Amino acid sequence: MTENRILELRKRKGLTQRELAQKAGTSQQQIQRIEAGVQAARFDLAARLAAALSEPLERVFPAAGEPLKEARRRHRTSTDALRDGQLLDQLEEAGLDMEGEQWSVRYRLRGGAQGVLAISGPEQNRLWRLLDPHNDEDAFMVFDAGDQRYAINPLHLTFCHLCFDAPFDEIERTEDQADGVYEAHFWLADSAEPLTFRVEPDTASIDDDEAADAACQLQDLFYYAESGTETRLKFTDEDGEKAFFRVKDVAMFSVSLEAVEPTLRAAADEGFEENEQGDAAK
């Protein structure tokens, strides 16, 4: 999760998500994901957002202030700055994606499932580190792509290719998501087709010590998969029925980002209501 002041500044300026998206030349869905802190903003888009809000970049992304000052002090050109791995990590933590390329990951799983997923620069860097052959293969690789959060078991990943300059499609909110219907997909090691379950979205953050287990079970699912400490993955579906998977037999699973991240769902719900009100007023 990254922190920024887009929501606060947008509200202060009296802008809806759609209006800010139009001023910054992006989609409403991008505004929602960046505003909720689940996706870093590409640097060029971050600059356009700051201009649309009539604020300095450092005010919109406060944690980027010091790294940007350090970049100006230590590097003569932007090219030099982009070669500074430590600086890039700091800027990514501050919510800025400094990668110039657009990235995708091609994958194939042991059971035959395969595909291409669009990912951000920071996620590409994370995946590159996670694919290190010396890393523990008991832990799933967790990353975000499009409107989904994925977890891939490296034991069943037979091929992976990180590609740049792949086209990005804008992610639209589906009718099911707008109606509060979310699904979890599990690919087993011996199958190319996923098992699909309807799930209730998380309603609290995993970092909230007082949150009930049921309120953040999807975040727990990814947490335990990524930690590599469990022999079974479990969750309760929309009907209250419990499902269990043996970790070693799961090749990959995915869940809608909106279901996993309550802040993103709140932003999407707000945008949906703003659009409904705006359309009704026309």
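Author: Let us begin with a single residue, bearing in mind that this is a predicted model. Ser-54 lies in the loop between H4 and H5.

Reader: What is the phi of Ser-54?

Author: The general idea comes first. Most residues other than glycine have a negative phi. In this structure, Ser-54 is not a glycine, and its phi is positive, near 55°. This residue follows H4.

Reader: Is Ser-54 buried or exposed?

Author: A residue counts as exposed when its relative accessible area is over 50%. Ser-54 has a relative accessibility of 57%, so it counts as exposed.

Reader: Which residues with a positive phi follow H1 and H2?

Author: Just after H1 comes Gly-14, with a positive phi of about 75°. H2 is followed by Gly-25, whose positive phi is near 70°.

Reader: How should I read the sides of a helix?

Author: An α-helix has 3.6 residues a turn, so residues three or four places apart point the same way. Let us apply this idea to particular helices.

Reader: Which residues of H4 are buried?

Author: They are Leu-45, Ala-46, Leu-49, Ala-50 and Ala-52. Seen down the axis of H4, these buried residues fall within an arc of 160°, so they line one face of the helix. They pack against H1, H2, H3, strand S1 (41-42), H5 and strand S2 (96-97).

Reader: Which residues are buried in H2, and which are exposed on its other side?

Author: The buried residues of H2 are Gln-17, Leu-20, Ala-21 and Ala-24. Their arc around the axis is only 100°, which puts them on the same side of H2. Gln-22 and Lys-23 are exposed on the other side of H2.

Reader: Which residues are buried in H1?

Author: In H1 the buried residues are Ile-6, Leu-9 and Arg-10. These cover an arc of only 100° around the axis, and therefore lie on the same side of H1.

Reader: How many residues does the largest nonpolar core have?

Author: A nonpolar core is made of buried residues joined through side-chain atoms within 4.5 Å. The largest one here has 27 residues, and those with the most contacts inside it are Leu-20, Leu-49, Phe-61 and Leu-96. Among the elements that give two or more residues to this core are helix H1 (6-13), helix H2 (17-24) and helix H4 (43-52). H4 gives the most, with 5 residues.

Reader: With which residues is Phe-61 in contact?

Author: Apart from neighbours within four places in sequence, Phe-61 is in contact with Asn-4, Ile-6, Ile-34, Ala-41, Ala-46, Ala-94, Gly-95 and Leu-96. There is also a second, separate core of 21 residues, which includes Ala-151, Tyr-182, Phe-235 and Phe-253.

Reader: Where is Trp-187 placed, and is it buried or exposed?

Author: Trp-187 is placed in strand S8 (residues 182-188). It is buried, as its relative accessible area is 13%. Residues it touches beyond four places in sequence include Leu-109, Ala-113, Pro-194, Phe-253 and Ser-254. Trp-187 and Ser-254 are 67 residues apart along the chain, with their C-alpha atoms separated by 8.9 Å.

Reader: How is empty space in a structure read?

Author: Rolling a probe the size of a water molecule over the atoms shows where empty space is left. In this model, the second largest pocket holds about 460 Å³ of space. Helix H11 (217-227), strand S10 (232-236) and strand S11 (242-246) each give two or more residues to its lining.

Reader: How many residues line the second largest pocket, and which lie nearest its centre?

Author: The lining has 20 residues, and Asp-213, Gln-217, Asp-220, Lys-234 and Phe-235 lie nearest the centre. By kind, the lining residues divide into 8 nonpolar, 3 polar and 9 charged.

Methods: Residues are numbered from 1 along each chain as its sequence is written. This is a predicted model: local features need pLDDT of at least 70, side-chain atom pairs count only at pLDDT 80 or more; totals for chains, interfaces and linings use all residues. Side-chain values use heavy atoms; hydrogens and water are left out. On a 1 Å grid over the protein atoms alone, a cavity is a set of points where a 1.4 Å probe fits but cannot get out, and a pocket is an open set with protein on both sides within 12 Å along at least five of seven lines; lining residues have an atom within 4 Å of a point. Grid points are joined across faces, edges and corners, and a volume is the space filled by probe spheres set on the points. Helices (H or I, at least four residues) and strands (E, at least two) are DSSP runs, numbered from the N terminus. Ala, Val, Leu, Ile, Met, Phe, Trp, Tyr, Cys and Pro count as nonpolar, Asp, Glu, Lys and Arg as charged, and the others, Gly among them, as polar. Buried means under 20% relative accessible area, exposed over 50%, partly exposed in between (1.4 Å probe, protein chains only). Contact means heavy atoms within 4.5 Å. The arc is that of the directions from the helix axis to the C-beta atoms.
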